[in-house]
Amino acid sequence: GTRLVKPIYERFRDSIRSEIPVALATLIEGPRIGSKLLVDESGFSLGSLGGINLDRVVKRDALAMLDAGTSEVRHYGSDGEARQHDLSVFIECHARRPHLVIFGAVDFTRALASQGKLLGFRVTVCDAREVFATRRRFPMADEVVVDWPDRLLDRIGAELGPRDAVCVLTHDAKFDVPAIISSLRSKFNSPSLSICLTKEDIFLE
């Protein structure tokens with residue numbers, strides 16, 4: 001009844017407001033239509049779709065979909081079996097905004113940061129030169145950091161994933177090289193890794 005799903009909806013709402021990645025799985029075809037299972041990025045879950053094995057499989061899929069930032073309808077057997085169509089479950093994911101990290105507080109950065117915000121990215125601008133990396137020059141950025149690229153990546157590299165992007169626009173090898181090396185060494189190194197260099201028309205993807 002309503003009292004059973006109210007805590008699930010409240011947790012779902014609070015997670016979205018706090019920008020905590022969360023997924024809500026709803027049984028839309030099967031014997032317990034309307035049953036719900038909430039899963040957040042920590043692995044915490046609330047509710048049930050009607051079976052321990054089904055909940056375990058849907059939870060696993062929901063966590064993978066949170067990483068990918070996708071929502072979709074998935075089909076299962078009555079006990080969570082794959083490639084069967086006894087049950088249909090809609091998994092609605094609210095993932096963390098993808099992160100665009102721009103190294104180099106140059107003129108190009110303003111345009112790139114604005115486009116990143118338009119596309120839904122959380123935007124960080126970083127430059128070790130305090131005179132250039134200012135909130136006044138980049139009011140559209142979520143964060144403006146005065147630091148060396150490799151030191152920032154040491155702090156946030158573990159949080160970056162395949163939906164995120166790193167762009168290097170500094171025009172200076174002493175900034176460019178540490179940023180590229182640190183990016184490639186982090187877990188962010190993936191098929192979708194993007195490091196963009198305006199210098200000498202070099203692009204690495």
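What follows is a close look at one helix, then at a residue in another helix, and then at the confidence of the model.

Colleague: Please look closely at helix α2, residues 52-68: which of its residues are buried, and what covers them?

Modeller: Please keep in mind throughout that this is a predicted model. Helix α2 runs over residues 52-68, which makes 17 residues, and from its first C-alpha to its last it reaches 25 Å, close to the 24 Å expected at 1.5 Å a residue. The buried residues of α2 are Leu54, Asp55, Val57, Val58, Asp61, Ala62, Met65 and Leu66, and what covers them includes the strands β1 (22-29), β2 (36-40), β3 (45-47), β4 (72-76) and β5 (87-94). After the helix comes Gly69, whose phi is positive, near 70°.

Elsewhere in the chain, Leu153 belongs to helix α4, residues 149-156, and because its relative accessible area is 5%, under the 20% cut-off, Leu153 counts as buried. The C-alpha atom of Leu153 is separated by 7.6 Å from that of Ala179, although the two residues are 26 residues apart along the chain.

As for confidence, the mean pLDDT of the protein chain is 86, with 86% of its residues reaching 70 or more. Over residues 189-194, however, the pLDDT is below 50, and this stretch has 13 contacts in the model beyond near neighbours in sequence. The pLDDT is also below 50 over residues 197-205, a stretch with 19 contacts in the model, again beyond near neighbours in sequence.

Conventions. Residues numbered from 1 in each chain as written. Predicted model: local features only at pLDDT ≥ 70, side-chain atom pairs only at ≥ 80, totals over all residues. Heavy atoms only, no water. Helix = DSSP H or I, 4+ residues; strand = E, 2+ residues; numbered from the N terminus. Expected span 1.5 Å × (residues − 1). Buried < 20%, exposed > 50% of the residue type's maximum accessible area, 1.4 Å probe, protein only. Contact = heavy atoms within 4.5 Å. pLDDT = per-residue confidence, 0-100.
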